[in-house]
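Subject: Structure handover

Hello,

Here is the structure I promised to pass on. Please open it before reading further.

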Amino acid sequence: MPRFNESYLNLNQSYLFAEIRRRTKVFIDAHPDVRLIDLGVGDVTQPLPPAVVRAIHEAADDMARRETFRGYGPYVGYEFLRAEIAAHDFGARGVKIAVDEVFVSDGGKSDSANLQEIFAPDAVIALLDPVYPVYADSNVVAGRTGPADESGRYAGIVYLPCTADNSFQPALPDRHVDLIYLCYPNNPTGAVVTRDALRRWVDYARAEDAVILYDAAYEAYVVDTDVPHSIYEIDGARQVAIECRSFSKNAGFTGMRLAYTVVPKELRGRAADGKSMSLNALWARRTAIKSNGPPYIIQKAAAAVYTPDGQKQVRALIDFYMQNARIIGAGLAAAGFTVYGGRNAPYIWVRTPPSVSSWDFFDRVLGEAHVVGAPGSGFGPSGEGYFRLTAFGSRRETEEAIERIKTRL
Ligand SMILES: *Cc1c(COP(=O)(O)O)cnc(C)c1O
């Protein structure tokens with residue numbers, strides 16, 4: 001038998017959403033007549049914007065004609081899409097990003113999991129806690145962390161707790177770290193970072209020769225003017241930050257698969273012998289080895305997001321989900337729960353009642369309100385005592401879910 005990568009044995013129990021599905025299935029099997037409402041897994045429910053659908057049809061027709069057929073595309077994505085990204089997502093906000101700093105991919109999940117590959121095996125990782133599980137797990141299987149302790153913490157990871165006690169604003173690491181994963185607006189807490197607070201992170205990274213991996217998957221949900229849309233709004237960030245974005249949560253591309261990562265050319269890494277290397281060049285090399293780029297049809301669909309119709313339709317989608325967020329937040333607050341998030345983010349982070357654990361509250365909401373949420377502890381040890389609901393449901397189901405929680409819990 002071959003030896004396998006034993007770092008996989010260091011992963012925490014089961015993947016959070018697999019355990020949610022398992023418990024949900026046990027409940028359904030025992031109560032087949034109950035109609036569950038799922039506000040747990042963060043998946044969108046509204047159909048694609050019409051401008052996007054039109055572009056899919058047109059691109060399919062391109063593929064049907066010899067003259068316009070496309071085979072392999074550029075590893076890093078088509079220039080027609082990268083140019084739209086650079087112009088609209090950054091240029092329009094006064095941030096200069098060059099087309100060859102944009103790397104198009106099939107997902108923010110894959111990008112945020114894969115970026116660690118271009119850093120040293122002994123790089124020290126810092127993570128917000130709680131946070132999107134992908135950052136930790138990708139470093140666990142890369143062998144950077146060793147096994148977890150009973151609380152689920154890895155000795156090889158520097159945790160930055162985000163709880164109500166610090167208003168979900170973590171302190172800077174108290175030791176040197178090499179890689180810092182920041183996710184704002186945050187999944188799962190719905191917290192945001194102000195421009196001033198983000199400047200402290202950029203200054204820290206510059207002082208420590210660290211790199212910030214900035215996951216801005218929920219950028220489109222930002223409404224407050226003191227909250228940045230991109231880390232590159234902060235002076236000096238081009239020397240220290242990589243930013244990931246996705247079309248999943250703004251344009252409903254969770255089933256389409258399209259995202260991108262920005263690696264500025266100023267960003268450099270160093271070898272043990274002191275030689276330095278452009279991380280943009282390194283990521284381009286890595287992409288050339290491992291990808292032939294996302295499908296042409298999907299990239300055409302994404303480009304349609306930047307048309308005037310596409311922009312209007314995406315805005316309407318986000319407004320729709322944010323109205324759900326208000327319904328959930330206001331409804332639970334009226335029912336006496338302490339709620340956070342839901343203002344610049346499609347997640348509502350609920351305090352569980354005193355001495356009720358996240359998983360016990362999950363079971364209670366499932367058993368009594370027949371609503372599926374996500375236990376905070378699944379996102380990291382500091383998520384214990386919290387519970388996440390998403391604003392991505394339909395309006396009718398969202399309203400009914402909150403009504404049930406209000407009356408039955
Ligand atoms: C949904 C999400 C993404 C985007 O995932 P895709 O793979 O692009 O669908 C990235 N980061 C976070 C934190 C997310 O919640």
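Below are notes on the ligand site, then on one strand and its partners. Please keep in mind that this is a predicted model.

**The ligand site**

The ligand is surrounded by 14 residues. Asp215, Tyr218, Ser248, Lys249 and Arg257 are the closest. By class, this shell holds 5 nonpolar, 5 polar and 4 charged residues.

Gly108 places a backbone N or O atom 2.7 Å from an oxygen atom of the ligand. For Lys109, a backbone N or O atom lies 2.8 Å from a ligand oxygen atom. Ser246 uses its side chain instead: a polar atom there sits 2.7 Å from an oxygen atom of the ligand.

How much of the ligand does the protein bury? Alone, the ligand exposes 390 Å², and the protein buries 94% of that. Helix 4 (108–114) and helix 7 (248–251) are the elements that each give two or more residues to the shell.

**Strand 3**

Next, go to strand 3, residues 125–129. Of its 5 residues, 5 are buried. Both faces are covered. Ile125, Leu127 and Asp129 lie on one side, with Ala126 and Leu128 on the other.

Strand 3 has these partners:

- Strand 4 (residues 157–161) runs parallel to strand 3, joined by 5 bridges. Ala126 stands opposite Val158 here.
- Strand 5 (residues 179–183) is also parallel to strand 3, with 3 bridges between them. Ile125 has Leu179 as its bridge partner.

Finally, trace the chain through helix 5 (residues 134–141). Together with strands 3 and 4, helix 5 makes a right-handed β-α-β unit.

Best wishes

Note on methods
Residues are numbered from 1 along each chain as its sequence is written. This is a predicted model: local features need pLDDT of at least 70, side-chain atom pairs count only at pLDDT 80 or more; totals for chains, interfaces and linings use all residues. Side-chain values use heavy atoms; hydrogens and water are left out. A residue is near a molecule or strand if one of its heavy atoms lies within 4 Å of it. A polar contact is a pair of N or O atoms within 3.5 Å; within protein, one must be able to donate a hydrogen and the other to accept it, and residues adjacent in sequence count only if both atoms are side-chain atoms. Accessible areas come from the Shrake-Rupley method with a 1.4 Å probe; for residues, only the protein chains shown count as cover. Helices (H or I, at least four residues) and strands (E, at least two) are DSSP runs, numbered from the N terminus. Ala, Val, Leu, Ile, Met, Phe, Trp, Tyr, Cys and Pro count as nonpolar, Asp, Glu, Lys and Arg as charged, and the others, Gly among them, as polar. Buried means under 20% relative accessible area, exposed over 50%, partly exposed in between (1.4 Å probe, protein chains only). Two strands pair if DSSP finds at least two bridges between them. A crossover is right-handed if, with the strands pointing away from the viewer, the path from the first strand over the helix to the second runs clockwise.
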